[in-house]
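Welcome, and open your viewer. This tour tells you what to select at each stop and what you will find there.

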Amino acid sequence: RLGSTSHPSAFPLPSAYHFRAMGHDAQACAGVVAAQAAGGSASPSTQKQEPQQPNRQQRFGRRLRLACAMVAVTLVGAIVAVALFVAGFSGDVEDMLETGTGTGTHARTGVTLSRISLADMDPDAVCDNGEPAAYYRQMVDDSSSWFVWLEGGGWCWSNISCHMRSKKKTSDAWRGESIHFSKGVFHADSPVSGFNIIYIPYCSSDAHLGDVAASDNDAGMPLRGARIVRSAIKHAAATKAGGIAAGDLVVFGGVSAGARGAMVHLDTLVPYGVLPVGVRLLGFLDSAYYLDMPTFHGYDSWGHNVTKQSQGVVALMHNEEFLRGDGACDLHDAWKCSFGEYRMPLLRTPFLLAGSMYDEYQLWLAQGTNCCPYPSPQQEYFDFASNFSSKVRQQLPSLPQVRAGTAGIYLTSCYEHGTSKHMPFLTETTQGVSMSAALERAMHAVSTGDVGMPKIVETCRGLHCGHGCAKKMTLPDPSFQQRLL
């Protein structure tokens, strides 16, 4: 059973009962098809009748044939729904939700990055399909600043969810010898424009957190994301004159699954020798803060529950040692070391945490539907979203690093996920400040220490209430949300 049907209007997936009922109807349909194939009819009587009003058996036969057609359509729809469900919750829909909306220049004014294979650097740094992994880079001769970015796109936590990942999620060879980015953090107006860039594609399905061979996990595929990240950074540093040196500024981060991976890597990069002692290191984590929330309407299946997914990842990938990071995380449950609500308070390296208090992906995952409008009755959905928002609003400003001034936050009310990839990174504002401007301030704080870390939190209350939100949405009357709050 993939999802609860206690509230079918929210996520109309077929339940076990539906499949059994369709199976009984299909058996009846098989009898109709067999009889027709033999030249007969569905009813016991096969004698040709004079034109007259249909008798009871004929009417029954017609209705049964109509029912057969409806069952066939339903079965096809159910199969499609199941495929989309598993593929979506293992990451493809997460990537789709990282789209953003807004205005800005979309011309080729960004960066073109060249592909570098890791085959010679580390033969074990491979994608899920077993092919050598690669990274993309831009090397700037006169720059001592670095931007390392981990791509996002969901993850998998079981044999089934791993094998439902699309081919583009399990390989990076399809990208070609170069890739061009012109939006978001890669735009010419981005504060990291002109930096040395290391872009690490996501082909390992493990949020960049695994290092296990195909023979050593239940999915039967290599899950080598952590190894790929470390090998890529080491290779780039070794092949540029001067490499990465003490005093260099390194902005290390990612979006969504990439940000969750960057969160875990952040405190281990220097101790494990990936980066040299003395670098000025800043984490930039976009949409990394998972919340351990009660389920919505009993939607407690793996597909709806990020807590269960995180627990499944540890069991699948046997990566507890990596998650704990040689003492970087000493929580009792290892899965919490990859979970934003529990790991973020432990980080020692300066970081900027960006995201929405109404994170579109997490709400969609928990509720099984998007806003807006929500299915009726909408109040139940807004109640859940409001509780989610309240928890985020309470926890993030109270992070010990934020209170101490060693970390920054950029928290919007906009209904979105993964903004840094797209033009709202530059154009969308919270309290009059863009995410780009917040990142620039955080970089300046780490580089010079003469300014504080940004602490930008939307003050309005209500889903997508901020005046600076780029996406245009049809929302209920503001008083409706206000009554819920």
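Start by selecting Cys371 and Cys372: they form a disulfide, with their sulfur atoms 1.4 Å apart. A disulfide is a covalent bond between the sulfur atoms of two cysteines, and here it is counted when a pair of cysteine sulfur atoms lies within 2.5 Å. By this rule the count comes to 6 disulfides. Cys371 is buried, at 8% relative accessibility; buried means under 20% relative accessible area, exposed over 50%, and partly exposed in between (1.4 Å probe, protein chains only).

Before you move on, note that this is a predicted model, in which local features need pLDDT of at least 70, side-chain atom pairs count only at pLDDT 80 or more, and totals for chains, interfaces and linings use all residues. Residues are numbered from 1 along each chain as its sequence is written, and side-chain values use heavy atoms, with hydrogens and water left out.

Next, select Cys414 and Cys469, a disulfide whose sulfur atoms are 2.1 Å apart. The torsion about their S-S bond is about -95°, so this disulfide is left-handed. Cys414 sits in the loop between strand S9 (407-412) and helix H12 (424-427), and Cys469 in the loop between strand S12 (455-457) and helix H14 (478-484), so the pair ties together parts that are 55 residues apart in sequence. Helices (H or I, at least four residues) and strands (E, at least two) are DSSP runs, numbered from the N terminus. Cys414 is buried at 1%, and Cys469 is buried at 8%.

Now try Cys460 and Cys465, whose sulfur atoms are 2.0 Å apart in a disulfide. Which hand does the link of Cys460 and Cys465 have? With 85° about the S-S bond, it is right-handed. Cys460 is partly exposed at 21%, and Cys465 is partly exposed at 23%.

Time for some rings. A pair of aromatic rings is described by the distance of the centres and the angle of the planes. Rings of Phe, Tyr and Trp (its six-membered ring) pair if their centres lie within 6.5 Å; planes under 30 degrees apart count as stacked, over 60 as edge-to-face and the rest as tilted. The structure holds 18 aromatic pairs. Select Trp335 and Tyr342: their ring centres are 5.8 Å apart and their planes at 90°, so the pair is edge-to-face. Then select Tyr374 and Tyr381, with centres 4.9 Å apart and planes at 20°, so this pair is stacked. Tyr374 is buried at 4%.

Tyr381 is buried too, at 0%, and it is among the buried residues of helix H10. Select H10 (residues 378-395): its 18 residues reach 26 Å from first C-alpha to last, close to the 26 Å expected at 1.5 Å a residue (1.5 Å times one less than the number of residues).

For the next stop, select Val251 in strand S6 (residues 249-255). Is Val251 buried or exposed? At 0% relative accessibility, Val251 counts as buried. Leaving aside neighbours within four places in sequence, Val251 is in contact (heavy atoms within 4.5 Å) with residues including Phe147, Phe284 and Leu439. Phe147 and Phe284 both belong to one aromatic cluster, which also includes Trp149. The C-alpha atoms of Val251 and Trp149 are separated by 8.3 Å, although these residues are 102 apart along the chain.

Finish with helix H5 (residues 257-265), where 9 of its 9 residues are buried. Arg260 is one of them.
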